[in-house]
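Subject: A structure for you to look at

Hi there,

Here is the structure I promised to pass on. Please open it next to this email and follow along.

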Amino acid sequence: MIMNKLVVFSAIQPSGILTIGNYIGAIQQWIKMQDKYDCIYSIVDLHTITVKQDPFTLQKNILNTIAIYLACGIDPKKSIIFIQSHVPAHVQLSWILNCYVYFNELKRMTQFKKKKENKKSKLNNGLFTYPVLMASDILLYKTDIVPVGKDQKQHLELSCTLAKRFNNIYGDLFKIPKSYIIKNKSNILSLSNIEKKMSKSDTNKNSFISLLDKKEIIKIKIKKAITDSDNPPTIHYDPKYKKGISNLLIILSSMSEKNLFYLEKKFRGETYNSLKNEVIDILIKKLFILQEKYFYYINNYKYLMDIVHDGAEKAKIRANNTLKEIYNKIGFL
């Protein structure tokens, strides 16, 4: 264990090729945290099967996600990178926590309510208990900080509730994790529907920019991106009344590392097309470099598997130590 550094845990589901929303809202922040914190980054395949998966596609998506982690700059020498199902303690702790969470607490989870409204078919129990497995992921490593989007904040709050409940019964075992929410960057919006966040699972492919999109596709998608009908057009950050323009400004600011104030000044009096053209240019430039690295890694299967095998071994040591403490506390032999 890296001494004197706070532990950071975060993860992404391997449910498709990651988008610039995943990069800006999560991975870009993970990269910056590697030197300051003791970072653990997982590919949470167990969470993914709450929705029916094709086995071949799931395996491909897991490998793609590992390769993208590395291509983006997640360094296995600085951070632990592993596949969730390779560390059995996640499921073992999840069952224990299921015995300490209340039915009504899970029933109140906003994401479950939304999925329940949208699902035409019967919901599986995995969707209902998803937040408990997420709590297990976090608490297993005695995590101090969890980078989360606003949509996951309620799940993190449940993790804290369960940690406190367990500690009140058995003594201080779990750390109470704190959220790390990136202001203005947590949710990149859909390019075609600014009332929802960008998602890699969106059926409308024009709604997101994949990290592996070719430059011709990027041009088409950004050119079609929703703005507004203000006349004359004004380019400034206003996430309430100018969501489309604000979304493009956040993308440009995040990818170019130029602040919003500078960009507002630069585009004063300019057209929406000029903003879109600059967003296109920076995305093509940045993603070209990322894609070169991605294709190097994805064609090195053994190297990818060595990384996650080594990561799982490191994660197991920590996870099993925590699980052993828990077993002793609750009376298992």
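Below is what was found in it, from the whole protein down to single residues.

First, some ground rules. This is a predicted model, in which local features need pLDDT of at least 70 and side-chain atom pairs count only at pLDDT 80 or more, while totals for chains, interfaces and linings use all residues. Residues are numbered from 1 along each chain as its sequence is written, and side-chain values use heavy atoms, with hydrogens and water left out.

**The whole protein**

The protein has 13 helices and five strands; these are DSSP runs, numbered from the N terminus, with helices (H or I) of at least four residues and strands (E) of at least two. Along its principal axes, the C-alpha trace spans about 70 × 45 × 40 Å. The radius of gyration is 21 Å, which agrees with the value near 20 Å that a compact globule of 333 residues would have. That radius is taken over C-alpha atoms, and the globule rule is 2.2 Å times the number of residues to the power 0.38.

**Two domains**

An automatic or database domain assignment gives the bounds: domain 1 covers 7-185 + 300-330, and domain 2 covers 215-294. Their centres, taken over C-alpha atoms, are 31 Å apart. Each domain brings 11 residues to the contact, meaning heavy atoms within 4.5 Å.

Together the domains bury about 1000 Å², 70% of it on carbon and sulfur atoms. Buried area is the accessible area (1.4 Å probe) that two parts lose on being put together, summed over both. On the side of domain 1 that touches domain 2, α1 (20-33) and α3 (55-72) are the elements that give two or more residues.

**Salt bridges**

How many salt bridges does the structure hold? There are 14, counting a side-chain nitrogen of Lys or Arg within 4 Å of a carboxyl oxygen of Asp or Glu. Between domain 1 and domain 2 the count is zero.

**Two backbone details**

Most residues other than glycine have a negative phi, and most peptide bonds are trans. Lys142 has a positive phi of about 50° although it is not a glycine. The peptide bond from Asn231 to Pro232 is cis, with omega near 5°. You will find Pro232 in the loop between α9 (215-224) and α10 (243-256).

Happy exploring!
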